[in-house]
Amino acid sequence: MAHMQKAGHTPIALFGGGTGMIGDPSGKSDMRKMLTEEEIDYNIKCFKEQMSKLIDFSENKAIIVNNESWLGNLNYIKFLREIGVHFSVNRMLTAECYKQRLEKGLSFFELNYMIMQSYDFLVLNEKYGCILQLGGDDQWSNIINGADLIRRVKGKDAFGMTFKLLTTSEGNKMGKTEKGAVWLDEKKTTPYEFYQYWRNIADPDVIKCLKLLTFIPLNEINELEKLKGSEINKAKEVLAF
């Protein structure tokens, strides 16, 4: 989002006050813990503080919205008739986020998540002219269904862009509930621990992380990529700082 803003676009930071009441089943072997409204509100407050360090929200340079404002009071029957009719359950179950859950059981509660996130994209398109949704690659199915919903309802093109997820040392998505996750919140990961994590990252991951997580020009990263052996530590120091 910060890269898009620097390129002259207006990013929309969407917070899941509504979808957070369900929880995304992507990458999870079991149903997520249900959060209270107070816990969700607190998480959103923290996210806003963290994002403000990377995104300029002054003078309408970026937009903050909470999907609870349109999901919280939906008329269920009307929603099914106007939105649910565009979704095939057969197609939804082929999505990786659902397919891996079928053996252990997928609740109807969680099945709604994709429809709700798709509806978010439609609302943002209608209210703000949003035509591009960004997300981690675990969100691919949700994003393309949102783009398809816009095409079906509005007859317009919409697009999605995904990026690689950071993973823990065990190879799991570095989510809020995973052990080994690195937090931007200094109360959860101290500045020293944060520095040490990136300073000790595996050699093959250094350049990937420099490209994903920094604003260093690519020509400078390409030079760092030429470092070999112990000299790679110089690139790690650049990443850690």
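Arginine 91 is partly exposed at 40% relative accessibility, where buried means under 20% relative accessible area, exposed over 50%, and partly exposed in between (1.4 Å probe, protein chains only). The model is predicted, so local features need pLDDT of at least 70 and side-chain atom pairs count only at pLDDT 80 or more, whereas totals for chains, interfaces and linings use all residues. Residues are numbered from 1 along each chain as its sequence is written, and side-chain values use heavy atoms, with hydrogens and water left out.

The side chain of arginine 91 meets that of aspartate 148 in a salt bridge of 3.5 Å, N to O, the term standing for a side-chain nitrogen of Lys or Arg within 4 Å of a carboxyl oxygen of Asp or Glu. Because aspartate 148 lies in helix H8 (residues 140-154) and arginine 91 in helix H5 (residues 89-92), the pair ties together parts 57 residues apart in sequence; helices here are DSSP runs (H or I, at least four residues), numbered from the N terminus. Aspartate 148 is buried, with a relative accessible area of 12%.

A second pair joins lysine 236 and aspartate 203, with the closest N and O atoms 2.7 Å apart. It links lysine 236 in helix H12 to aspartate 203 in the loop between H9 and H10, 33 residues apart.

In helix H10 (residues 206-213), the buried residues are Val206, Ile207, Cys209 and Leu210. They lie on the same side of H10 because they cover an arc of only 165° around the axis, taken from the directions from the helix axis to the C-beta atoms. These buried residues pack against helices H9 (191-199), H11 (218-224) and H12 (232-240), contact meaning heavy atoms within 4.5 Å.

Definitions and conventions. Helices (H or I, at least four residues) and strands (E, at least two) are DSSP runs, numbered from the N terminus.
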